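Open the model in your viewer and keep the sequence panel beside it.

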Amino acid sequence: MRIAKIIGNVTLSQSHPSYEGASLRVAIPLTLDNLLDEQSELRSEIEIVWDELGAGNGSLIAMAEGPEACRPFRPERKPVSAYNAAILDDIEVTPIV
């Protein structure tokens, strides 16, 4: 699981029927530098995240990826590779020296 920031929405003209009831969001995983310094440049690849919690632009989320992203839907199958598991209100990072 990684921490990511929502940076946009995905709009589909047609979608798979199993996508009903949630939204697809564009998220960028954050590095330790991003968490320690909010002004640092975002350098990760973007991810398309299944979101049924209602995260908005700028929200920080806990993002599950890969096979774990499909687990909440078992036994039903959904074609997703990243899932918004939580919206994070606050993050406190204490660097180890």
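**The chain as a whole**

Colour by secondary structure: from the N terminus on, the elements run β-β-α-β-β-α-β. That is 2 helices and 5 strands, where helices (H or I, at least four residues) and strands (E, at least two) are DSSP runs, numbered from the N terminus. This is a predicted model, in which local features need pLDDT of at least 70, side-chain atom pairs count only at pLDDT 80 or more, and totals for chains, interfaces and linings use all residues. Residues are numbered from 1 along each chain as its sequence is written, and side-chain values use heavy atoms, with hydrogens and water left out.

Of the 97 residues in the chain, 32% are buried. Buried means under 20% relative accessible area, exposed over 50%, and partly exposed in between (1.4 Å probe, protein chains only). Contact means heavy atoms within 4.5 Å. Among contacts with a separation of 6 or more, 59% are between residues 24 or more positions apart.

**Stop 1: the nonpolar cores**

Select Ala-4, Ile-6, Ala-27, Val-49, Ala-55, Ile-61, Met-63 and Ala-82; these 8 residues form the largest nonpolar core. Such a core is a set of buried Ala, Val, Leu, Ile, Met, Phe, Trp, Tyr and Cys residues joined through side-chain atoms within 4.5 Å. Two or more residues of this core come from each of β1 (2-9) and β4 (60-65). Another core, of 5 residues, lies apart from it and includes Tyr-19, Leu-24, Trp-50 and Tyr-83.

Now centre on Ala-4. Beyond its neighbours within four places in sequence, Ala-4 is in contact with Ala-27, Ile-28, Pro-29, Leu-30, Ser-59, Leu-60, Ile-61 and Met-63.

**Stop 2: Ser-59**

Move to Ser-59, in the loop between β3 and β4. Is Ser-59 buried or exposed? Ser-59 counts as buried because its relative accessibility is 18%. A polar atom of its side chain lies 3.0 Å from the backbone oxygen of Gly-56. Leaving aside neighbours within four places in sequence, Ser-59 is in contact with Ala-4, Lys-5 and Ile-6.

**Stop 3: Asp-51**

Select Asp-51 in strand β3 (residues 47-51). Asp-51 has a relative accessible area of 3%, so it is buried. Which side chain does Asp-51 join in a polar contact of 2.8 Å? The partner is the side chain of Asn-84. A polar contact is a pair of N or O atoms within 3.5 Å; within protein, one must be able to donate a hydrogen and the other to accept it, and residues adjacent in sequence count only if both atoms are side-chain atoms. A polar atom of the Asp-51 side chain also lies 2.9 Å from the backbone nitrogen of Ala-55. Not counting residues up to four places away in sequence, Asp-51 touches Ala-22, Ser-23, Arg-25 and Asn-84.

**Stop 4: Glu-45**

Go to Glu-45, in the loop between α1 (32-36) and β3. Glu-45 is exposed because its relative accessible area is 66%. Not counting residues up to four places away in sequence, Glu-45 touches Ala-27, Ile-28 and Pro-29. Draw a C-alpha to C-alpha distance from Glu-45 to Leu-30: the two are 15 residues apart in sequence and 9.9 Å apart in space.
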